[in-house]
Amino acid sequence: MAEDLALDLEELKQLQSIAKRPRVLSLISSEISNLEKLSKQPASIPVPTPIPTPIATGVKVPSIPARTYVTLGSFSWDQDNDKVKIYVSIEGVEQEKIETEFKPMSFDVKFHDVQGKNYRCAIPKLNKEIVPEKCKVVVKPTRVIITLFKASKGNWLDLHFKEDKLKPNLDKERDPMAGIMDLMKNMYEEGDEEMKRTIAKAWSDARSGKTADPMKGFQ
């Protein structure tokens with residue numbers, strides 16, 4: 001840059017020596033003066049911008065604790081031929097803060113941030129199959145209604161699945177009498193005192209050889 005200024009000054013001075021009109025001489029003299037001032041200034045050296053060093057604060061981001069739920073085990077229900085309705089008494093539930101999971105044989109409904117707590121209503125194994133995509137949850141001022149649509153029409157004896165204890169085991173690989181004995185055991189457990197005495201006598205007769213059929217006393 002200094003070399004360019006020197007060349008410009010030299011050329012302007014040559015023009016000054018041949019110029020005749022006062023206005024032109026004044027302009028050339030002014031420009032020569034400006035260039036002489038620039039040539040006397042020290043060349044500026046660019047200073048690199050310092051890169052800030054990151055400072056470790058030592059602050060740890062707190063981990064989000066896992067949600068805990070209060071189980072709502074007390075509720076009422078009714079049904080018709082097509083669906084089951086479950087009525088859960090709870091206030092302060094917001095529709096957008098409900099998380100639902102419906103499966104063919106179970107459901108799990110979670111209510112988040114209800115007066116500072118989280119609640120859930122779930123049945124891990126239902127009495128019979130439902131249609132998950134049709135099931136829904138409706139929020140009322142003082143309760144929540146969970147509607148389960150039955151996969152097949154009919155009456156449910158209970159919400160929860162229960163094995164039929166009076167149904168004999170018909171496994172072909174087992175002793176043919178094993179199913180009858182299982183049935184008698186279940187009848188003994190479920191029966192009244194008279195039934196228990198009758199079954200006990202039938203067992204006793206079968207063991208003593210009086211009869212080979214323990215069910216003969218019921219015929």
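**Close-up views of a predicted model**

**View 1. Glu3 sits in helix α1, residues 2–18.** Helices here are DSSP runs of H or I with at least four residues, strands are runs of E with at least two, and both are numbered from the N terminus. This is a predicted model, where local features need pLDDT of at least 70, side-chain atom pairs count only at pLDDT 80 or more, and totals for chains, interfaces and linings use all residues. Residues are numbered from 1 along each chain as its sequence is written, and side-chain values use heavy atoms, with hydrogens and water left out. Glu3 is exposed, at 61% relative accessible area (buried means under 20%, exposed over 50%, partly exposed in between, with a 1.4 Å probe and protein chains only). Ser39 is 36 residues away from Glu3 along the chain, and their C-alpha atoms are 9.3 Å apart.

**View 2. Four strands make an open antiparallel sheet in the order β2-β3-β8-β7.** β2 (76–79) and β7 (136–139) are the edge strands; each has a single partner, so one side of each has no neighbour in the sheet. From one strand to the next, the twist averages 20° (axes are lines fitted to C-alpha atoms, for helices over the stretch in contact, and angles run from 0 to 180 degrees between N-to-C directions). Strands pair if DSSP finds at least two bridges between them; β7 and β8 (residues 143–149) have four, in the antiparallel sense. In one of these bridges, Val137 is partnered by Ile146 of β8.

**View 3. The largest nonpolar core has 24 residues.** Such a core is a set of buried Ala, Val, Leu, Ile, Met, Phe, Trp, Tyr and Cys residues joined through side-chain atoms within 4.5 Å. Ile90, Phe107, Phe111, Ile146 and Leu148 have the most contacts inside it. Two or more residues come from each of β3 (83–89), β4 (98–103), β5 (106–114), β6 and β8, and β5 gives the largest share, four residues. Leaving out residues up to four places away in sequence, Phe111 touches a set of residues including Leu72, Ile90, Val93, Ile98, Tyr119 and Val144 (contact means heavy atoms within 4.5 Å).

**View 4. Asn118 is a buried residue, at 16% relative accessibility.** Asn118 belongs to strand β6, residues 117–123. Its side chain reaches the backbone nitrogen of Asp113 at 2.9 Å, and a polar atom of that Asn118 side chain lies 3.5 Å from the backbone oxygen of Thr68. Beyond four places in sequence, the residues that Asn118 touches include Arg67, Tyr69, Val70, Phe111 and His112.

**View 5. Asp80 and Lys83 join side chains in a salt bridge, with N to O at 2.9 Å.** A salt bridge here is a side-chain nitrogen of Lys or Arg within 4 Å of a carboxyl oxygen of Asp or Glu, and the count comes to seven. Both ends of this one are partly exposed: Asp80 at 33% and Lys83 at 22%.

**View 6. Lys153 and Asp82 form a salt bridge, their closest N and O atoms 3.7 Å apart.** This pair links distant parts of the chain, 71 residues apart: Lys153 is in the loop between β8 and α3 (176–190), and Asp82 is in the loop between β2 and β3. Lys153 is exposed at 64%, while Asp82 is partly exposed at 35%.

**View 7. Glu94, Lys97 and Asp113 are linked in a salt-bridge network.** Within it, the closest N and O atoms of Glu94 and Lys97 are 3.7 Å apart. Glu94 is partly exposed at 33%, and Lys97 is partly exposed at 28%.

How values were computed: Polar contact = N/O pair within 3.5 Å; in protein donor to acceptor, adjacent residues only side chain to side chain.
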